[in-house]
Amino acid sequence: MKYILSYSNPNQHYLDIEFVITGIHSKKILVNLPVWRPGRYEEGNFAKNIKGFEVVDQYGKSLKFIKPQNHQWEIETNGEKEIHIRYNYYCGKLDAGSCWLDEHQFYINPIHCFLYVEGWEDKPVTVELNIPKNYKVACALKVEKGNIIKAHDYHTIVDSPFIASAGLQHNSYLSNGIKFHIWFQGECYIDWDRLLKDFKDF
């Protein structure tokens, strides 16, 4: 499963997502969006933020789908082994557990906006970020050249929020042989010597 993220007008807070599914061997597939989030034991209606949902094959031909539930889509594949789902996701809430997009940054909790194929949760995942060249990306997972993030499975990617911005500041330290990373976003003065010492002591 692959997710391609981009945007054209960040001040409207809509993220463009293309979900590419390959290796299909069935006439129909079920695609879901989670209604839960790690660390929050409550139902979340994330699907309400989706706009402009469309499904096409690899040649751009439209495919039929129905919506059995608010968070679920049933897609007729017409025998195609590869399909693309394109949709917009509203990222208009700036807090640790939501999604945000503006002209300075975007912060994504994948659990909110990454669809998945039912039964494919254990398959590898790739995320491609089409962002400005001067942006840095902070994520618990390794960010490869070309702003590519890879995860062993869907559960790993949705438990790995990331932020991208030109204003990110970064440093790291070692504790008991383990490397820890510290990221700050936005304009602020950081006394790194003091901060790193405090974190090491903690």
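Predicted model: local features only at pLDDT ≥ 70, side-chain atom pairs only at ≥ 80, totals over all residues.
**Note on strand pairing, aromatic contacts and pockets**

1. Within strand S6, Glu74 is the bridge partner of Ile66. The two strands concerned are S5 (residues 65-69) and S6, which run antiparallel and are joined by three bridges. Strands are DSSP runs of E of at least two residues, and helices are runs of H or I of at least four, numbered from the N terminus; two strands pair if DSSP finds at least two bridges between them.

2. Residues are numbered from 1 along each chain as its sequence is written, and side-chain values use heavy atoms, with hydrogens and water left out.

3. S6 has a further partner to consider. Strand S3 (residues 28-32) pairs with S6 (residues 72-76) in the antiparallel sense, over five bridges. In this pairing Ile29 stands opposite Ile75 of S6.

4. An open sheet is formed by seven strands, ordered S4-S7-S2-S1-S11-S14-S13, and its pairing is mixed. Strand S4 (50-57) and strand S13 (143-144) are at the edges; each has a single partner strand, so one side of each is left without a neighbour in the sheet. Inside this order, strand S1 (residues 2-6) and strand S2 (residues 14-22) are antiparallel and share five bridges. Ile4 stands opposite Glu18 in S2.

5. Another open sheet has four strands in the order S8-S9-S15-S12, with antiparallel pairing. Its edge strands are S8 (100-101) and S12, each of which pairs on one side only. Strand S9 (residues 105-108) is joined to strand S15 (residues 162-165) by four bridges, and the two run antiparallel. Gln105 is found opposite Ser165 in S15.

6. Twelve aromatic pairs are present in the structure. In the pair Tyr3 and Phe114, the ring centres are 4.1 Å apart and the planes are at 10°, so the pair is stacked (rings of Phe, Tyr and Trp, the last by its six-membered ring, pair with centres within 6.5 Å; planes under 30 degrees apart are stacked, over 60 edge-to-face, the rest tilted). This pair links distant parts of the chain, 111 residues apart: Tyr3 belongs to strand S1, whereas Phe114 lies in the loop between helix H1 (110-113) and strand S10 (116-117). Tyr3 is buried, at a relative accessible area of 0%, and Phe114 is likewise buried, at 0%. Buried means under 20% relative accessible area, exposed over 50%, and partly exposed in between, with a 1.4 Å probe and protein chains only.

7. Tyr173 counts as buried, at 10% relative accessibility, but Phe180, at 35%, counts as partly exposed.

8. One aromatic cluster is made up of Phe53, Phe65, Trp73 and Tyr87. Lys51 lies over the face of Tyr14, at 4.4 Å from the ring centre, and Lys123 lies over the face of Trp120, at 4.9 Å from the ring centre. The criterion is NZ of Lys or CZ of Arg within 6 Å of the ring centre and within 35 degrees of the ring normal.

9. The largest pocket has a volume of about 330 Å³. A pocket is an open set of points on a 1 Å grid over the protein atoms alone, where a 1.4 Å probe fits, with protein on both sides within 12 Å along at least five of seven lines; lining residues have an atom within 4 Å of a point. Volume is the space filled by probe spheres set on the points, which are joined across faces, edges and corners. The lining of the largest pocket has 21 residues, and Arg37, Phe46, Lys93, Ser98 and His112 lie nearest its centre. This lining divides into seven nonpolar, seven polar and seven charged residues (nonpolar: Ala, Val, Leu, Ile, Met, Phe, Trp, Tyr, Cys and Pro; charged: Asp, Glu, Lys and Arg; polar: the others, Gly among them).

10. The second largest pocket holds about 160 Å³ of space. Its lining consists of Val137, Ala138, Cys139, Ala140, Leu141, Val143, His170, His181 and Trp183. Strand S12 (136-139) and strand S17 (178-185) each supply at least two of the lining residues, and S12 gives the most, with three. By class, the lining of the second largest pocket comprises seven nonpolar, two polar and no charged residues.
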